[in-house]
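Hi,

Here is the structure I said I would pass on.

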Amino acid sequence: MKYSRMLIPTIKEIPADAEIPSHQLMIRAGLIRKLASGTYTYLPTGFRCLRKVTEIVRDEMNKAGAQEILMPAIQPIELWQKTGRDVDYGETMAKFTDRHGRVNVLAPTAEEVVTFVGANEINSYKQLPINIYQISFKFRDEFRPRFGVLRSREFIMKDSYSFHATAESLEETYRLMYDTYCKIFKRCGLDYVIVEAEAGEMGGSGSHQFTIPCENGEDMIVYTKDGKYAANIEKAAVDAVEKDPPLAGQPSLTEVSTPNAGTIEDVCKFMKTKPNKMIKTIIYSAGNEDQPKQTVAVLVRGDHEVNPEKLTQALNGIHTVLADEATIEKVTSAKVGFSGPVGLAGNVDKIFIDHSVAAMQVAVAGANKTDCHVKGVVPGRDFPLEGDNIEITDIRNAVEGDTYQGKKLLFKRGIEVGQVFKLGTKYSSKMGAKFLDENGKEQICTMGCYGIGINRIIASAIEAGCDKNGIIWPITIAPFEVMITSIGDDEEITSVAQKIHDGLEAAGIEVLWDDRDARGGVKFKDADLIGIPLRVTIGKRSIADGNVEIKLRSESDSSKVDIAGAAEKIIEMVKAMKAELYP
């Protein structure tokens, strides 16, 4: 392929709205162009990368016995109302009303649709297990799209779904998909970390997340130095701390007027205390449409944050939202910002107390009275740590200094590129996906779900592989494997370039020949920016010496190769580079 015949619009300037390297470089290297907030057009080189990732994913999924299908992007909202996930997704779900007045969803995922398929097509245990997948566009109405294709409104996902007669069968497929994902990410040239994860709005009993460590990642990986534990921040467990011995002569409970001080920062400043000496009391409303509403209070230390996923798990999967002002005033008799644990137990359905709060000697807390706080609060004396509606548990995000099983927790950022879930019967029970077992008895299908962000693989590869000059692609997902850079329009230079180009193409090597009428410096800068793994430079001087220059994008040094053996040497190098990722 000749560069002069391709649309590769590289630019020198860093786009003003591009915050991270992958976003900047995908635009500068001519891979994508923004259409509107969170939506992008893939230009020829970007689409080549996208297609390569897709082909790797499809190849490994097919080898694992999964069958490819394609489901509608437009889905009736009634399917989502059956599972309650229309509420879970909230405003993130993109919806529209058609000309007949029917409300439709632009698919953010496809659990409901695939379960509808299963409910209609599966009727016997002899059909199970079955694993079906699709590679398609998904839509989420992100409030603030950012980071290019990492947090966009429209994206491409491989989502697969398995149906089983038993939990043991689900476990087998779950492990198969786990191993398949390892193969996929290795073939894509990504160094990944597998962490325990919460299932979140997907639901289910277990999940693992595949994450690419990088400083610009939105996910936080929590792990131990020995590598025996890794989880995302939503799942990361924290050791309980031992309760400090009681103070000699415990202080009395004292109310303090704190006008307009409704935040931790304001109270600390007003009362000359620190966040770790305070108790935050946060009120939630819990319950789905088919469940009775509950009012739940969560107590965490002032320097900690409630973990919403741990709260959902503590409530056995019941959805929660922050309570509105009216609810807060009803249960605390105070405006927002002045809630506290003293006297609260009888006014709420459930109280979750984080271990760190239960271990405090004395604290400052809201007084359940507007513009007032109390000091000298002693857990266990001034509010109960036991009771029918009280539970002490790990309910917060892990932070620096925490431990798990006695080991210090460490933190690093990463990008999620895939996740596998054991869904159980969350969807099949609500949507009637059943089968007759060998005894003719009706049973509910057990399900698994397995997703990969196709666009995210590309962005993650760039985040993990780039320098000040541009992208450094893994060879398996690069737009081309080799770039030939001819310097000058001398007939002999063109002849040598043409011969090497044709020899590589004949051997199945993907090669881009920069035949443009441009200076060598411009061509070299574009070659580095686009990031093609191997560059061959052909110029008047090298031809006079009977050789060409070969340089790997990932290395600073180049080497000379005899013209006659250049194509053969390049083919050998490309095969070796690919074999490292896919033996």
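**What I found**

Asp490 sits in the loop that runs between strand S28 (482–486) and helix H13 (491–506). (Helices, H or I of at least four residues, and strands, E of at least two, are DSSP runs numbered from the N terminus.) Before going on, a word on the source: this is a predicted model, where local features need pLDDT of at least 70 and side-chain atom pairs count only at pLDDT 80 or more, while totals for chains, interfaces and linings use all residues. Residues are numbered from 1 along each chain as its sequence is written, and side-chain values use heavy atoms, with hydrogens and water left out.

Asp490 counts as partly exposed because its relative accessibility is 30%. The cut-offs here are under 20% relative accessible area for buried, over 50% for exposed, and partly exposed in between, with a 1.4 Å probe and protein chains only. On the surface, Asp490 gathers with Asp489, Glu491, Glu492 and Asp517 in a patch of negative charge. Such patches take residues with over 30% relative accessible area and no salt bridge, and like charges are joined within 9 Å. Asp and Glu count as negative, Lys and Arg as positive, and His and the chain ends are not counted.

Next, the salt bridges. How many does a search of the whole structure find? It finds 37, taking a salt bridge as a side-chain nitrogen of Lys or Arg within 4 Å of a carboxyl oxygen of Asp or Glu.

- Glu112 and Arg85 meet through their side chains at 2.6 Å, N to O. Glu112 is in helix H5 (residues 111–121) and Arg85 in helix H4 (residues 85–89), so this pair links distant parts of the chain, 27 residues apart. Both residues are buried.
- Glu218 bridges to Arg146, with the closest N and O atoms 3.7 Å apart. These two are 72 residues apart: Glu218 is in the loop between strand S10 (206–213) and strand S11 (219–224), and Arg146 in the loop between strand S7 (130–139) and strand S8 (154–164). Glu218 is partly exposed at 32% relative accessible area, and Arg146 is partly exposed at 24%.
- Glu305 pairs with Lys280, the closest N and O atoms being 3.3 Å apart. Glu305 lies in the loop between strand S15 (294–301) and helix H8 (308–314), while Lys280 is in strand S14 (residues 278–286), 25 residues away. Glu305 is partly exposed, at 47%, whereas Lys280 counts as buried because its relative accessibility is 15%.

Glu218 and Arg146 also belong to a network of salt bridges that links them with Glu19, Glu142, Arg144 and Arg151.

Finally, the rings. Rings of Phe, Tyr and Trp (its six-membered ring) pair if their centres lie within 6.5 Å; planes under 30 degrees apart count as stacked, over 60 as edge-to-face and the rest as tilted. The count by this rule is eight aromatic pairs. One of them is Tyr181 with Phe185, edge-to-face at 6.0 Å centre to centre and 85° between the planes. They are about one helical turn apart because four residues separate them in helix H6 (residues 167–187). Phe185 has 0% relative accessibility, while Tyr192 is partly exposed at 28%. Ring pairs link Tyr178, Tyr181, Phe185, Tyr192 and Phe210 into a cluster.

Cheers

Notes:
Patch = residues over 30% accessible without salt bridge, like charges linked within 9 Å, V, L, I, M, F, W, Y side chains within 5 Å. Areas by Shrake-Rupley, 256 points an atom, 1.4 Å probe, with all protein chains shown as cover. Charge placed at Lys NZ, Arg CZ, Asp CG, Glu CD.
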